[in-house]
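Notebook open, structure loaded. I want to look up the pockets, then the cavity, then the sheet.

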Amino acid sequence: MAKQIRIAQISDLHIKPPGKLAYGRVDTAKALERCIAALNAFAPAPDFVVISGDLADAPSVEEYVYLKRLLAPLKLRFAGIPGNHDSREMMRSAFPDVAYALPSGPLNQRIEVGELDLLLLDSSVPGKPHGELDAPTLQWLDTELGSSRDRPALLFLHHPPFATGISHMDRQNLHNAAALAAIVQRYPRVRHIATGHVHRATLTMFAGRPCTICPVANHAVDLDLDQMREPSFRIEPPAFHLHIWFAGERFGSLVTHHVPIGSFDGPHPFFDPDGRLL
Ligand SMILES: [Fe+2]
């Protein structure tokens, strides 16, 4: 079997201060606890976990302190990127040991996991809900991608660079998607672009590469494709994404699995001990 590297992606944790529910209704801390239990139990273990933004909710120092307490049981290596609900400064102080690429401003990171380069891009715009990759981030991305010709690279950022059809979210997606596309198109080693923000599993092609939005463990944005309702959320089945890279010709191949969180009946065998269908 081809060698594989497993990258789990969880997104949009929206951790509130202890005891507070999001929108007076969603226990985002409990949702994260269930998600971490699922990640810890998954076998074979993921090699790395990316948290693609909106780690906190308001944000506040108290929320990041609580977030760190909730993340403590996670047995896997992880890294977070800011979303529009985060504060760069508070994240820098909450995770002081992280080797961010730039000494101030956007919290970009390159993480090597075996043969893979994970490039984590900070698309947050302080004080605004939409996303944008600023000039230093675009420059950094271009330089990083130019630093190798053969290592497969996965990009992670909070804001999707495409429209989903959910208009109140599309207004606050990545506003300079064309600038990202122009860079991605120059580097065949970019194999996937993984995002968050919309709280639901979504797939498209962007700049010729697969591009996904990660599902969440808490509340999903209502799939309202015709502005029939006020911006709303629903409690849908919780899930995370598992991106699997398989070694192979050129850059190998990448597959994304949608992994439901919870305990479900099974697994049950398809065949009896003699190999007959049950
Ligand atoms: Fe967001």
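**Largest pocket.** I sorted the lining of the largest pocket by class and got 6 nonpolar, 9 polar and 2 charged residues. Keep in mind that this is a predicted model. How much space lies in the largest pocket? I get about 280 Å³. The lining comes to 17 residues, and Y23, H168, M169, H199 and V221 are the closest to the pocket centre.

**Second largest pocket.** Reading through the lining, I noted N84, D86, S87, R88 and E89, then S124, V125, P126, G127, K128 and P129. Which elements each supply at least two residues of that lining? I found α3 (88-94), β6 (124-125) and β7 (128-131).

**Cavity.** Searching the whole structure for cavities of 30 Å³ or more, I got 1. About 60 Å³ of space lies in this largest cavity. I count 13 lining residues, with S11, L13, C35, V216 and A217 nearest the centre. By class, the lining has 9 nonpolar, 3 polar and 1 charged residues. Which element gives the largest share of this lining? Helix α1 (residues 28-41) does, with 4 residues.

I found β1 (4-10), β2 (48-51) and β14 under α1's entry, and the helix runs at about 175° to β1.

**Sheet.** I followed those strands into their sheet. In what order do the 5 strands come? I read β3-β2-β1-β14-β15, an open sheet with mixed pairing. At the edges sit β3 (78-80) and β15 (253-260), each pairing on one side only. From one strand to the next, the twist averages 20°.

**β14 and β15.** Last stop was the pairing of these two strands. Do they run parallel or antiparallel, I wondered, and how many bridges join them? Strand β14 (residues 239-246) and β15 run antiparallel, joined by 8 bridges. For one of the bridge partners, I looked up W245 and landed on L254 in β15.

Conventions. Residues numbered from 1 in each chain as written. Predicted model: local features only at pLDDT ≥ 70, side-chain atom pairs only at ≥ 80, totals over all residues. Heavy atoms only, no water. 1 Å grid on protein atoms, 1.4 Å probe; cavity = no way out; pocket = protein on both sides within 12 Å on 5 of 7 lines; lining within 4 Å. Points joined across faces, edges and corners; volume = space filled by probe spheres on them. Nonpolar A, V, L, I, M, F, W, Y, C, P; charged D, E, K, R; others polar. Pairing = 2+ DSSP bridges. Axes fitted to C-alpha atoms, helices over the stretch in contact; angles between N-to-C directions. Contact = heavy atoms within 4.5 Å.
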